[in-house]
Amino acid sequence: MKKAYLTTFFLIVSIISIAQTSDISITVSDAESNEPLLGATVYIEQLEKGAVTNLDGIATFTAIPYGNHIIKISYIGFETIETTIEVGTKKEFSFKLESGGNELDEVVVQSTRSTRTVKKIPTRIEFIGAEELGEKAVMNPTNISMVLRESTGIQMQQTSLSSGNTNIRIQGLDGRYTQLLRDGFPLYGGFSSGLSILQIPPLDLQQFEIIKGSSSTLYGGGAIAGLINMVSKTPEEEPSLDIMLTQTQALGSTANIFYSKRNEKFGVSLYGSGHYQKAYDPEDDGFSNMPKTTSLSFNPKFFYYPSEKTTFWIGVNGTYDDRIGGDVTKIERGENGIHQYTEENLSKRLSSQVVYETQLSSNSSLNIKNSVSFFDRKLSISDFNFDGKQTNTFTEINYHRTSKKTDWIIGANLYSSNFDENDNAPLQRDQKDLTYGAFINNIHDFSDNWILETGLRADYNTDFGFFPLPRISLLYKDNSGFSSRIGGGLGYKIPDVFTEEAENINFENVLAIDKSSLKAERSYGVNFDVNYQTRLFDAVGFSINQLFYVSAIDNGLLLNSTDNGFFEFENAADEILSKGAETNIKFTYKDFRWFLNYALIDTKLNYLAGNPQKPLTAKHNAGSVLMYESEKWRIGYETFYTGKQFLSNGTETTDFVTMGFVAMRNFKWGTTFVNFENFTNRRQSKFSPLVSPPHDNPEFPEIYAPTDGFIFSVGVIIKPFGNEDDD
């Protein structure tokens, strides 16, 4: 009997012990600022219980059993914590989250010349990281047009059916108003024109930084619409080797290879790319929609690290590109009867970069850089040649000093451009430009919430005079996930013959720039945006960015016909005014991401009667990208809507929708992929003709929709080093 009582007693004690529970609180804060984080998710896995932190950064739970429990704490922009707590001995727990190095907020951008992260810079910057670049490289391994085309408010405008030449438009403004940079160096010159985008393969790029609106204060003339800085991969101690092979059903073959490695004193990165495309005619109308292309690129860089504080590197970029489009019969078999018309672009480019950067102290640094670029281009159509060479040089020195609340950047640079047309050309359009520049930029933290950026550049061009370029930006941010930026500045562009209008007529009968009568184009721009990020239903991440902008250009460069059959440049009598809005929304749930975007682009030509919309500029654009990403798989489905546009003759085009699908499978040795680009086969020939007779001297209407249609590609990326994913 006594034994039965004892057994019952111990059973009751055990039940009571098991049933013991406690109410607990978990406080989550920012490890850097020690501020509480509102909206962080705290999840107790074995109990399947979750809670979101309040204004004080506290998440509360009731009736949690005594014992050890695994909890997971996550917050957008911060590294996720997974740890164990012991309930019973404690009721209150505190954790600090570190900023996540792979998140947008913690990316250090180079285009601002500062060492600050994105979240602490008042200038609005759009960032495209290595993972997304990898996806776009799969979709188009030959050039960066795919990366830019899918960014909100950016349009890739094809200017030639035969050559495939493509210009970039930011917020409705022509490509000549966008400055392309690579590692902070100006890329190409105006002479490369619509070929620029087509000659930059993406495999050796680490990140893209896009600043929309006037950025001339940072980098001088030409950045009226904005700038795009492409940052190259740099060597790490672990060797990296990527070999990428791609084949399309349109008979395009591409091979890319990238290798990098560094040791204590030296480093190297080597990149090479080769692309061959047969003339592709999906309509069977006898004219190519994709030109026959042979393209080779190489980019070796050598690094020297004399100390931990100093880096010296030298690089070379080379490109050979030969494009022949037009009559497919002539391309493949030679001239015969009515088969007469082709357009050939043969270009060769060679450029060098030298950079010396050193830490002078714990809070100051010096950077000296120089580049020399040589570009040789020959454009040939049936009875006309445009042939010339361009040499550009760029030299800069800048000093950067930081303190707890203030960053200073002071610098000076020299930019020269020399275009020399072939001496046999009927019109000599040689042009030399020399520009001296000095700049100063300051970022100051008034508090944890308010940051102000101001800058001033003074450029002097030996032909067009002095250009003062002030800019100002203000950032407000708090710990609730809300931030807002407003900024603006002035810009300018020195006139040259390399405009979209001149390229559309192959520069034939285009007169030289008359520096005595033309004025430089000048601009002003303002943008304002708000950002908010939070958690929905505990498990769903949500963020939204809403941008409003306005840009105006005075003395716009126009190409007008003369009475004797030539074309000459003139300044517009009134401004080009571009205004609009961009909306970007992102949802995240476990391994899924869903991006939604919309762009309103209202670009008016106020120098024409009635202030018409700029031709070939859709007022409404929208997109949706759904991604699934795990260690083994990356699967994406995208849909893009392009609204109605106007042609130069006032005709309104149809709107259209394109869709794409990509799948990537990771293995220990690398990645395989398939891509279905524009699989609904939307192309302009389904809406209107791409070629008008006569066959031996055809006319080509303006391009407002895709011309190549559905493209299927398959490929492999081989990674002999550093890939630990499971089979």
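Throughout this passage a residue is called buried under 20% relative accessible area, exposed over 50% and partly exposed in between, with a 1.4 Å probe and protein chains only. The structure is a predicted model, in which local features need pLDDT of at least 70 and side-chain atom pairs count only at pLDDT 80 or more, whereas totals for chains, interfaces and linings use all residues. Residues are numbered from 1 along each chain as its sequence is written, and side-chain values use heavy atoms, with hydrogens and water left out.

Confidence is considered before the local features. The pLDDT, which is the predictor's confidence in each residue on a scale from 0 to 100, averages 88 for the chain, and 93% of the residues score at least 70. Where pLDDT is low, the predicted coordinates should not be read in detail.

Most residues other than glycine have a negative phi, and most peptide bonds are trans. Asn611, although not a glycine, has a positive phi of about 50 degrees; it is placed in the loop between strand S34 (592-605) and strand S35 (620-629), and counts as partly exposed because its relative accessibility is 35%. Phe507 likewise is not a glycine and has a positive phi, of about 65 degrees. Phe507 lies in the loop between helix H6 (500-504) and strand S29 (521-536), and at 1% relative accessibility it counts as buried. A cis peptide bond runs from Pro693 to Pro694, with omega near 10 degrees, and Pro694 belongs to the loop between strand S38 (670-677) and strand S39 (711-718).

Strands are regarded as paired if DSSP finds at least two bridges between them. By this criterion, an open sheet of four strands has the order S3-S2-S5-S6, with antiparallel pairing. Its edge strands, each of which pairs on one side only, are strand S3 (49-52) and strand S6 (81-87). From one strand to the next the twist averages 25 degrees, with axes fitted as lines to C-alpha atoms and angles running from 0 to 180 degrees between N-to-C directions. Strand S5 (residues 67-74) pairs with S6 in the antiparallel sense over seven bridges, and Gly67 has Val87 in S6 as its bridge partner.

Two buried strand residues illustrate the surroundings of individual side chains. Glu629, in strand S35, has a relative accessible area of 14% and is therefore buried. Leaving aside neighbours within four places in sequence, Glu629 is in contact with Glu131, Glu135, Asp591, Arg593 and Arg634. The side chains of Glu629 and Arg634 make a polar contact at 3.0 Å, a polar contact being a pair of N or O atoms within 3.5 Å of which, within protein, one must be able to donate a hydrogen and the other to accept it, while residues adjacent in sequence count only if both atoms are side-chain atoms. Ser347, placed in strand S21 (residues 342-361), is buried with a relative accessible area of 1%. The rings of Tyr341 and Phe700 form a tilted pair, because their centres are 5.4 Å apart and their planes stand at 45 degrees. This pair links distant parts of the chain, 359 residues apart, with Tyr341 in the loop between helix H5 (328-333) and S21 and Phe700 in the loop between S38 and S39. Tyr341 is buried at 8% relative accessibility, whereas Phe700 is partly exposed at 29%. The rings of Phe419 and Phe498, with centres 5.1 Å apart and planes at 90 degrees, are edge-to-face. Here too distant parts of the chain are linked, 79 residues apart, with Phe419 in strand S24 (residues 406-421) and Phe498 in the loop between strand S28 (482-493) and H6. Phe419 is buried, with a relative accessible area of 3%, and Phe498 is buried, with 7%. Ring pairs also join Phe185, Phe303, Tyr305, Trp313 and Phe394 into a cluster.

Methods:
Contact means heavy atoms within 4.5 Å. Rings of Phe, Tyr and Trp (its six-membered ring) pair if their centres lie within 6.5 Å; planes under 30 degrees apart count as stacked, over 60 as edge-to-face and the rest as tilted.
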